[in-house]
Amino acid sequence: MVIASREPLGWERHDREWRDRIDTVAVDDLSMADRHRLLDASGVLDPSEREAIAAASAGVPFYLHLAIDARAYAGTSPDPVSPEAILERFLQHVSADEFRTLELLGLPRVFDNGIFTAITTAFGLPAHISAWKSLISYSFVHAADQDQAADRFQLHQLMVTALRRHLDDEVAATLHNVLHSLWRDRADSGSDRVAALREACYHGLRAGTLSAVSMLDYVDRIAAAGGKHGIDAVLADLNEYLAEDGSTRPDAPELRDLTRYLEAEGAILLGNAKRADELTAAITADRTGPVAERLALAAANARRILGRTDDALAMYTALWSQGAGQVRLDAGLWAADLHMCQGRFAPALELCDQLSMLADPDDHEFLGDLARLRHLTYRMAFDTDVAARYLTEADTEYQAAGSIVGQANIATNRAELLALTNPAEGIAAAAAAIAIQHEFGALHELGKAYTALGIAHLALGDLDAAERAFADACETLDLAGYRSGRARAELFRAGVHARRGDRASTIAGARWAVSELEAANVYPALVLLARAVLALFGWTEPSVSLAAAHALTRIQAPAPDQDLDHAAQQVFAKVLGVDPGAYYREATSRTDAAAGYYNHNVRVETPSGAVNVRIPVDGADIMDLRLWPEVQVLRTIEPYVSAAPHVRWESTNPTYQIQDHIDGELLDHIAPRGQAVPQCVPRDVANLFAELREIPRGLLPAAPRPLSDDPYAFANQLSDVTRRVFRENQERFGDLYRKLGVPDDPLTTIEAGWRTLESRPFRLIHADVHRKNMIIRDGRQVVFLDWELALYGDPVYDVASHLHKMGYQPDEYATFLNLWATAEPEASAGRWEADLRTYLDHERIKSTIVDSVRYAKVLEAGDRSLEEQAALVRNLVGKLRLAHEVWGTNRQFEPEFVASALRSVS
């Protein structure tokens, strides 16, 4: 107390006695019965007076005894237990210095010996240890709340209320300024950073030192170190200030904007984007100033999470181009994030590079965000090795920044990555992330962690555990309103259905996930995964296939030569436990492969049905114009062409693909050249060409050269290949060409025809529809194979190629043309018959040049039967007759002469 040697006054003695009796009870927890017993013992017998004193004391022994003392002192005073009366009585028993110290300590919400010393020193009051111990011995001085440091104290609120009424405004402002500086220094030293920053904000506002703008730096540091809890604390303080002293400040409107920003930002940290959107619904990006720009950034974040991606990107882009300072960088970061989300990986990485150059090298939080975004970009592009490197970099930066939120998000990302690359470790990582995000209360991150857990269990084949995790993920992400995250969880849950063989549920899940991703206009790479999960099991869904075709046109891979379609299938094959490599290894060990000029085809049985393993012929002569890999063509036509193989898998090292095995009979076996074909053939070919007409040019795969509708340029590409084949084979097959009467310049006669070709709408063309590329299924439907020669070109050329290679009977020839003209009225207009003849002339010359070489090699190999060899010779005889009609020589060849010429090649 003030003078340790003097005899305590009655209230002091009783206070100490009662504190000894109730040392196991909080000082403000004296029951009403205890208060009444003390008052009875002190001679307060009037019931109403006793009730008033008991209530006014709030259960604090100090106040209770001061009230009794004040009553005795006041005599007939009408209000002997008011705070003013109690404080007045208290002043009679303490020195001026001690009361002044208490008066000053009534201003801070918490204090410790350091704060006591700083305040008493600043105001010339006793700062020695005896004064400190005397102060904290009062029963109205108690330990601070449990979330404060153990050596911090608070005055009871009744005392605070009374003391603050005595504190001069100017002194209060000075004291707030002292406290602001003290707490700011403590935050800079890293001591209990969140609490220190909060107190610095509290006092800086009241000192007039901090404005709404200057508070933003504190807010950022609090959010990084304490997440949602730290923001909530500052928000509560700010609202309290505005309700009391701050409402008349000139910048009060800006402070109110700051409160709205903090509330919205806090809601976003919890994954409550709906609430954040409600708070910022009227906000646009055209307001200026740091706080207004922050509010606009929060509005964009809410819209992004809710799936209104285009709106969000427009706001980010505006802030990136017009904003200033950290908001501009943050907006640029989120713009890059949305580029990533929408599959524009290359632009996202380019923007990251720009941001890196602008960023403060000491801003580890922002650098961590950049590294994390790069990680996400590469992970979404299915490059897990590069993604892992950037994840490590992000973690290092967040640790340097002391960013609790950043490290929590890294925990989720680590779980997501390991679920794909090392699922056993992914389970532990996901469990850790779930615990962290539960503590933070961030629903969107929690839902992503549950999804990672489900993926890891799925990859390990624990389908029940995977389903439980995905159910938790979907429920959590629904609560968060995180649309794209929910779609991703549902997509991988479709993998559980797939592994159980539930085709209907797999397709339904994939279709729903794709529809959500398309509606939100995000993650086209995930749409590729949706197609992959179906394809790996031999299933297809037109809406998913079409969405994947659209997705491929939007994706801009990190590297120009990166095939994300191929990468997507690799990700899901591992997760689904499918090993296409095993089918390839079996195919290469077999001796029953069917071979064309470009590919071997081997039927292999798998748990999900028979497949066709299609392996390129090593060293095959390329004698046809090519534009795209066959796999790209098949995936493009999948939503439009009903009768073609579906690709289940593609490998580039080694090179092979796995297609559906098509049951049925090869048309060439049912009706070899010269025989009538089933009635379904002309009809289905015409239907195929009509279906190809429906494929938009914009959905065609990327081509090595620009696509053009110029018929002359297209025709020259055809003849250039034919001329190259002729030129390259002169050394070995020149004598054969001369024996068969091929002119030295075989294409001269058709060059004039190229210049007369009419313009018409081009489309994807098969360019190789013939009897060996058609399977008759169930005797009534044609399935069209071998799409490696597909081009973007003149549909009349597709007709010419088909007619030339089919060898229809005259009535079939006419029937087909009538059916085709009806199916493709845009192409069968104008002078199409003349152009058809021109293209046919080229095909007849090309066949002679190409097939004479091919057939000579076949006869030389000697692996065909005599009947098959004779059929090849007859075939070439017919082609020579047609070619010589084009050249105007009308030469005729006997089969024996042609056979001898073919065998004479050395």
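**Close-up views of a predicted model**

**View 1. Helices H26 and H27 pass each other.** The axes of helix H26 (residues 503-520) and helix H27 (residues 524-535) come within 10 Å and cross at roughly 170 degrees. Helices here are DSSP runs of H or I with at least four residues, strands are runs of E with at least two, and both are numbered from the N terminus. Axes are lines fitted to C-alpha atoms, for helices over the stretch in contact, and angles run from 0 to 180 degrees between N-to-C directions. Angles over 145 degrees count as roughly antiparallel, and H26 and H27 are therefore roughly antiparallel to each other. From H26, Thr-506, Ile-507, Ala-510, Val-514 and Leu-517 meet Leu-526, Val-527, Ala-530 and Leu-534 of H27; contact means heavy atoms within 4.5 Å. Sorted by type, the residues of this contact are 8 nonpolar, 1 polar and no charged. Nonpolar covers Ala, Val, Leu, Ile, Met, Phe, Trp, Tyr, Cys and Pro, charged covers Asp, Glu, Lys and Arg, and the others, Gly among them, are polar. In the loop between H26 and H27 sits Asn-521, which has a positive phi of about 60 degrees although it is not a glycine.

A word on the model: it is predicted, so to speak of local features takes pLDDT of at least 70, side-chain atom pairs count only at pLDDT 80 or more, and totals for chains, interfaces and linings use all residues. Residues are numbered from 1 along each chain as its sequence is written, and side-chain values use heavy atoms, with hydrogens and water left out.

**View 2. Strands S8, S10 and S11 make an open sheet.** The 3 strands come in the order S8-S10-S11, with antiparallel pairing. Strand S8 (665-666) and S11 stand at the edges with a single partner strand each, so one side of each is left without a neighbour in the sheet. Helix H33 (residues 680-693) packs on the sheet, touching S10 and S11, and its direction makes about 50 degrees with that of S11. Two strands pair if DSSP finds at least two bridges between them: S8 and S10 have 2, while 4 join S10 (residues 774-777) to S11 (residues 781-784). Look for Ile-775 of S10, the bridge partner of Leu-666 and also of Val-783 in S11.

**View 3. S10 and S11 form a hairpin.** There are 3 residues between the two strands, and Asp-778 in the turn has a positive phi of about 55 degrees.

View 4. The bond from Asn-653 to Pro-654 is cis, with omega near 0 degrees. Pro-654 is in the loop between strand S6 (647-652) and strand S7 (655-660).

**View 5. The largest cavity holds about 90 Å³ of space.** A cavity is a set of points on a 1 Å grid over the protein atoms alone where a 1.4 Å probe fits but cannot get out, and lining residues have an atom within 4 Å of a point. Its lining has 13 residues, with Asp-624, Leu-625, Leu-718, Tyr-797 and Lys-846 nearest the centre. Helices H34 (711-728), H37 (795-806) and H39 (832-861) each supply at least two lining residues.

Note on methods. On a 1 Å grid over the protein atoms alone, a cavity is a set of points where a 1.4 Å probe fits but cannot get out, and a pocket is an open set with protein on both sides within 12 Å along at least five of seven lines; lining residues have an atom within 4 Å of a point. Grid points are joined across faces, edges and corners, and a volume is the space filled by probe spheres set on the points. Angles under 35 degrees count as roughly parallel, over 145 as roughly antiparallel, 65 to 115 as roughly perpendicular and the rest as oblique.
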